[in-house]
Amino acid sequence: MRCPLSKRHLRELRHNLGRYIGIFALLASTIAMVAGFLVGASSIERIFATIPETYHTENGHFVTNDKIGLAAKTALSDIGVEVKENFSREITTQIDGRTTHVRVFPNREDFNLPAIYDGRLPEGPNEIAIDDTFLSKHSLKLGDSIRLDGKDFTIVGDVVLSDYTALFEKNEDFVMNTLTFTVALVTRDDWNSLEGDSTSYTYAYFVDGYDDMTTAEHVDKQVDIARALTDSGARVTDIVDMWSNQAFFYAGEDVSHDQAIYRVLLYLIIIVMAFIFVVLTAATIEEESAVIGTLLASGYRKGELLRHYLFLPAAVGLAACIVGNVVGYGVCVTPFSGLYYNSYSFPPLSITFNPSVFLITTVIPFAILVLVNLVGLAYKLKCTPIQFLRHDTRKHRKARRGLQLPERWGYIARFRIRVFTRNLSQFGTLFGGILIASLLLLFGLGMRLVISDYVEDMENDLPAQYIYSLKAPLEIDDSADKRAEYVLIDMLGTGDSGHSDEQMNVITGNLLGDVEDVHPVNVGEIPDEVKAQAEKVVMGELELAHKWGDLSETITVYGIQEDSRYWPEFDVSNGAILAGTGLVAKCNVAPGETYGFFNKYAGETYDLTVTDTVGEPANTNLYMSIETFNRVFDNDPEYFSGYVSDEELNLDATYVASVLTPDDMRKIANQMDDSMGDLMNMVVGMAVVIYFIMMYLLTKTVIDRSARSISYMKVFGYRDREINKLYVRSITITVIVSLIVSLPIVIWTVSLFAEVVFMNYSGNFAVNIPFWLMAESVGIGVATYLVVALFHIRAIKRVRLEEALKVQE
């Protein structure tokens with residue numbers, strides 16, 4: 001038998017249009033935004049993963065002081081390494097009023113191939129193809145020209161180089177540079193005619209079986225390459241593996257990290273949806289209880305009623321899923337992907353369907369909608385027809401007396417309390433929804449502050465104005481005669497000396513880390529007072545497992561001098577090992593405990609006992625004396641790998657791996673803010689949308705349940721404004737109290753949430769929410785609710801007097 005209620009679908013949809021629009025908007029907007037981001041990010045991740053094979057990207061590269069000979073190439077071939085010339089010239093020019101460094105390569109034919117966005121590769125004289133990200137940052141386009149070495153070059157190609165997905169000028173830089181650095185391609189003849197500021201003799205190398213090798217094996221292969229070159233008379237000044245090359249791997253790693261944020265956000269939104277669906281299902285049953293009771297008494301089966309009342313939520317949910325995916329794939333994916341394409345140089349975007357994204361953004365939310373409604377309806381349909389007819393659908397509800405309230409409270413106060421107690425379940429769910437929406441909002445608002453606090457902590461933990469990391473030990477405190485000797489060795493590297501290859505190999509061996517009995521001496525002049533304030537340090541890198549998950553934290557290990565002037569509060573005497581405070585929060589490190597620290601480059605684990613914790617909350621370093629460091633890691637007792645200094649040191653650039661200053665920390669903050677700022681703004685926008693929809697749907701059920709009471713009050717002569725004071729203001733007070741009371745829970749949860757989201761990032765991102773940010777969060781919540789209240793005021797005006805005349809039983 002066909003249920004006559006099927007004829008009421010459209011009428012019921014019109015009657016509860018606001019409710020179903022809310023469900024539709026919540027589902028569709030969530031799917032569109034989250035699917036748009038995750039599909040865009042996963043598509044970029046897939047593109048990045050195919051770069052090495054598609055564009056024949058190098059497994060790594062090394063730099064020499066001059067072209068290598070046939071003997072060196074043969075020696076490399078004997079160890080399974082193929083090399084390609086990847087020479088470049090550095091040219092300084094002016095673009096947009098800024099001094100800009102352009103790294104110019106000749107066209108590549110069979111390795112490190114470019115991806116072309118627009119135009120073509122240079123084919124004739126004075127033609128150039130430039131990185132896409134740089135062009136967009138400077139509003140340059142095809143047909144424009146730039147001046148290099150006194151010549152005007154016409155831009156004919158908008159490209160990205162497969163070995164430069166992020167514009168890092170030097171691998172040791174802490175931040176990329178899209179404003180004053182770029183890479184470009186010209187023809188071979190044009191490249192030969194350019195002089196530039198300098199020429200880099202870089203060779204891309206390819207290793208047999210590279211993809212099947214571990215990190216430690218990659219390092220071993222680099223050592224083999226360096227030794228083969230040195231033994232063949234070549235001077236190696238740098239060697240970098242693909243997965244240690246920031247210009248290649250950094251962009252892909254960033255995209256992978258950010259997906260965790262949206263996945264966690266989605267799980268929270270799904271919880272909000274479940275809350276809302278539970279309340280709306282109960283409200284539907286209560287509104288239709290008399291009709292359901294009549295139909296059951298007339299002989300209709302519960303299965304027929306179940307299918308009928310499930311139809312509209314399922315149909316609206318299905319429509320929302322379809323629209324959400326269409327908007328997500330067709331509209332949202334472009335701006336979300338643009339967040340990355342504005343900063344990084346990926347090949348052209350190709351959107352691919354991701355089954356896992358479809359599952360978590362569409363299938364699971366829709367299944368929750370149907371399942372919650374199904375379970376709620378099935379549970380309520382266990383009631384008898386007489387219970388439905390009496391609107392008594394709460395199972396096992398005991399008869400209860402009316403709530404006795406003191407008369408001295410006044411009529412309005414007592415009425416508002418009764419509105420609250422009568423809708424306790426709705427308000428309880430509203431509190432849960434506000435809590436989760438506040439979490440999203442505060443997370444979005446607070447993350448920039450978390451990043452700035454992190455960088456401030458890192459700045460405070462910097463022991464000196466300059467931290468120099470060296471490729472090999474380099475002495476600065478030596479005699480003028482010693483410096484003169486090494487000036488000659490330095491001349492040898494440029495071909496200006498007649499010294500022997502054996503002497504050349506001494507310095508090259510030191511660059512590779514083979515510590516000789518006598519360390520090289522810095523050739524630059526450094527005043528005695530500057531030397532006196534500088535201290536030697538030794539640095540390394542280890543990994544320690546996070547306190548949850550399968551991830552690990554990358555830790556910098558410092559070997560410092562006992563009674564150091566730069567770490568005056570760090571007592572590393574008697575073999576003490578100190579852990580940064582951030583390791584306590586991130587890896588559960590505790591003084592007196594022993595932990596296994598892993599060296600991925602050597603493939604070894606070191607069991608170290610932590611003596612005490614030191615530093616700011618962001619500090620995840622280990623500290624020990626130089627003597628302890630060299631003993632633990634089996635180094636020469638005199639080995640060191642850097643200097644800390646409050647004055648700039650005039651060190652031989654050949655030996656300097658990196659220089660860290662407070663200014664670099666601020667650049668890191670700016671880069672993180674640039675890459676995550678738009679993302680956090682979208683999280684805030686999403687939170688406001690969820691606030692609005694959730695508050696509207698949940699508070700609307702209170703107004704709908706009270707429609708008959710509102711009608712009675714109108715019959716008794718109450719004005720709309722007076723009714724608003726009783727109902728809307730009761731809801732308003734509940735919302736404001738919920739926003740304030742939920743804050744401690746929200747702050748604790750945001751800290752936990754941030755810990756999960758930033759688990760993939762190095763360093764500990766501690767969350768400290770200031771009072772003004774709490775006030776801003778509450779203010780946005782109140783402002784959003786005030787808009788919702790306007791809808792409720794309008795709904796109260798539309799309650800008709802006839803409602804009071806309808807038969808209740």
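This is a predicted model: local features need pLDDT of at least 70, side-chain atom pairs count only at pLDDT 80 or more; totals for chains, interfaces and linings use all residues.
**View 1. Strands β16 and β17 form a hairpin.**
Start with the two strands themselves: β16 covers residues 594-599, and β17 covers residues 604-609. They pair in the antiparallel sense, with six bridges joining them. Four residues lie between the two strands, and in this turn you can find G603, whose phi is positive at about 70°. To see how the strands line up, look for F598, which stands opposite T605 in β17.

**View 2. The two faces of strand β16.**
Which residues of β16 lie on its covered face, and which on the uncovered one? Y595, F597 and N599 make up the covered face, while T594, G596 and F598 make up the uncovered face.

T429 belongs to helix α13, which runs over residues 424-461. Is T429 buried or exposed? With a relative accessible area of 11%, T429 is buried, because buried means under 20%. Beyond its neighbours within four places in sequence, T429 is in contact with F275, V279 and L698. L698 is 269 residues away from T429 along the chain, yet their C-alpha atoms are separated by 7.7 Å.

Now turn to helix α7, residues 246-287. From first C-alpha to last, this 42-residue helix reaches 61 Å, close to the 62 Å expected at 1.5 Å a residue. Since 30 of its 42 residues are buried, α7 is largely enclosed by the rest of the structure.

Methods
Residues are numbered from 1 along each chain as its sequence is written. Side-chain values use heavy atoms; hydrogens and water are left out. Buried means under 20% relative accessible area, exposed over 50%, partly exposed in between (1.4 Å probe, protein chains only). Two strands pair if DSSP finds at least two bridges between them. Contact means heavy atoms within 4.5 Å. The expected span of a helix is 1.5 Å times one less than its number of residues.
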